[in-house]
Amino acid sequence: MLRRTQTYNKVLTGGNDMQLLIQNARLRGRDGTVDIQIENGRIKRIAPKIEGVQGEIIDARGKLTTPSLIDPHIHLDKVNVFDVVRPNKSGTLKEAIEILWDQKRIYTVDDIVARGEDVVKKAIKNGTLAIRTHVDVDTIGGLRPLEGVLALREKYKNVIDIQIVAFPQEGIVKDPGCDKLMWEAMEAGADVVGGMPANENCPADSLAHVKLCFDIAEKYNAEIDMHVDETDDPFYRTLEMVADETLARGWQNRVTAGHTCALAAYDDHYASYVIDKVKKAGVHIITNPVTNLMLQGRGDKQPIRRGITRVKELLAAGVNVSYGQDCVKDTFYPYGSGDMLQVANVVAHAAQMSLPDEIEKVYDMITYDANRILKLDGYGIEEGCRANLVIVNADDARDAIRLNPERLYVIRDGRVVAKTAVDTQLFL
């Protein structure tokens with residue numbers, strides 16, 4: 001018999017002058033265990049043994065302790081619509097987008113908050129304390145999805161960092177009026193300029209889409225995070241456009257390309273050429289295998305394409321790569337639980353990351369590598385960093401990925417915001 005209890009505790013507003021001592025924590029890349037002293041929301045000291053601290057004490061029991069996890073790519077405005085829309089009978093990206101049209105017309109702020117906070121709470125419980133969410137901006141739903149996610153962010157601002165991307169999923173040129181809405185979305189509180197240049201009627205329109213997104217980013221001095229070539233058709237080549245425009249505008253290390261599935265469909269020569277441009281432009285890549293394994297290759301017979309980008313080749317070229325949950329119970333993907341270690345397991349399998357250094361890299365991709373995209377201040381597990389930590393019921397990164405274990409404690413700025421108690425009894 002297995003009994004697992006989980007408690008979610010919202011962080012209280014106000015000052016944070018408390019002290020916390022974590023004992024017997026196991027850090028990645030370090031032998032033995034350490035104690036971690038936290039004061040005023042930040043890590044004050046890390047040492048083999050710390051005594052004399054007044055405040056709360058947590059015994060990590062030798063379990064893996066890391067910076068809190070990061071989900072750099074999700075759609076909080078769309079989560080949990082699966083049970084209220086018609087099924088995606090083709091299983092394709094195209095039908096998934098079309099099914100949402102009617103739903104977007106009737107979105108309410110309360111509905112978006114209710115659906116989204118279910119996933120946000122799950123994310124927090126599972127050790128994720130930072131999210132970058134794409135939010136649809138188009139002439140179907142207007143700015144209502146943004147209004148809903150802004151309200152969601154405000155509700156949980158003391159517990160989790162949420163960055164919002166203005167995302168023109170229906171296209172910009174193809175959706176007259178969307179260009180105006182994109183500017184309005186940034187004025188209304190979106191943080192990042194999104195895009196989906198492949199969803200236009202021709203390459204010229206895709207290029208116009210890219211250029212407008214950079215125009216907006218320049219105006220607001222904002223990061224850019226686009227959905228790029230989410231298709232297994234090698235005809236779509238907007239990743240090269242994005243890399244070229246990044247270099248032309250001097251926006252290096254401020255641009256992220258999500259999905260990039262077509263990169264896997266290119267011939268090796270062209271793929272190598274584009275990866276080199278991506279590296280020179282400092283474009284970050286986010287792969288989303290849990291969704292793309294479902295959506296791509298639907299028309300294939302054997303062998304069926306895997307639907308994810310060239311993860312290992314990008315890493316070998318020195319490109320920063322991360323991965324996201326992307327979807328939870330929506331028209332694109334009926335599964336998902338807001339658990340980045342569950343996603344890590346899928347990534348490890350789909351990208352064939354099995355060697356010791358590759359296993360460690362899979363964990364890096366939702367911690368330090370993801371933070372190269374979100375650029376959170378004080379992120380890490382060193383003295384002086386914000387005390388945003390997760391204690392995982394595992395001995396190392398490999399066990400964390402393979403076992404999908406409990407997150408025993410989740411700590412936000414030195415306060416425990418989630419705790420999972422495990423009581424297992426075997427009757428053999």
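Colleague: Which residue lies over the face of Tyr270, and how far is it from the ring centre?

Modeller: A charge sits over a ring if NZ of Lys or CZ of Arg is within 6 Å of the ring centre and within 35 degrees of the ring normal. Here Arg237 lies over the face of Tyr270, at 4.0 Å from the ring centre. The charged end of Arg237 also sits over the ring of Tyr266, 5.5 Å from that ring's centre. Before we go on, this is a predicted model, where local features need pLDDT of at least 70, side-chain atom pairs count only at pLDDT 80 or more, and totals for chains, interfaces and linings use all residues. Residues are numbered from 1 along each chain as its sequence is written, and side-chain values use heavy atoms, leaving out hydrogens and water.

Colleague: Fine, on to the rings. How many aromatic pairs does the structure hold?

Modeller: A ring pair is described by the distance of the centres and the angle of the planes. Rings of Phe, Tyr and Trp (its six-membered ring) pair if their centres lie within 6.5 Å, with planes under 30 degrees apart called stacked, over 60 edge-to-face and the rest tilted. This structure holds six such pairs. In one of them, Trp183 and Tyr220 have ring centres 6.2 Å apart and planes at 50°, so the pair is tilted. Trp183 sits in helix 4 (residues 178-188) and Tyr220 in helix 5 (residues 203-220), so this pair links distant parts of the chain, 37 residues apart. Helices here are DSSP runs (H or I, at least four residues), as are strands (E, at least two), numbered from the N terminus.

Colleague: What about Tyr333 and Tyr335: how do their rings meet?

Modeller: Their centres are 5.7 Å apart and their planes at 75°, so this pair is edge-to-face. Tyr333 counts as buried at 9% relative accessibility, while Tyr335 is partly exposed at 48%.

Colleague: Which residues does Lys329 touch?

Modeller: Contact means heavy atoms within 4.5 Å. Leaving out residues up to four places away in sequence, Lys329 touches Val79, Asn80, Val81, Phe82, Asp83, Pro334 and Tyr335. Lys329 itself lies in the loop between strand 14 (321-323) and helix 10 (340-350), and is partly exposed at 30% relative accessibility. Asn80 is 249 residues from Lys329 in sequence, yet their C-alpha atoms are 4.7 Å apart in space.

Colleague: And the backbone? Which residues other than glycine have a positive phi?

Modeller: Most residues other than glycine have a negative phi, and most peptide bonds are trans. Asn80 has a positive phi of about 65°. Asn80 lies in the loop between strand 7 (69-74) and helix 1 (93-105), and counts as buried at 18% relative accessibility. Asp229 also has a positive phi, near 50°. The place of Asp229 is the loop between strand 11 (224-228) and helix 6, and at 2% relative accessibility Asp229 is buried.

Colleague: Where is a cis peptide bond?

Modeller: Look between Gln302 and Pro303, where omega is about -5°. Pro303 lies in the loop between helix 8 (289-295) and helix 9 (311-316).

Methods:
Buried < 20%, exposed > 50% of the residue type's maximum accessible area, 1.4 Å probe, protein only.
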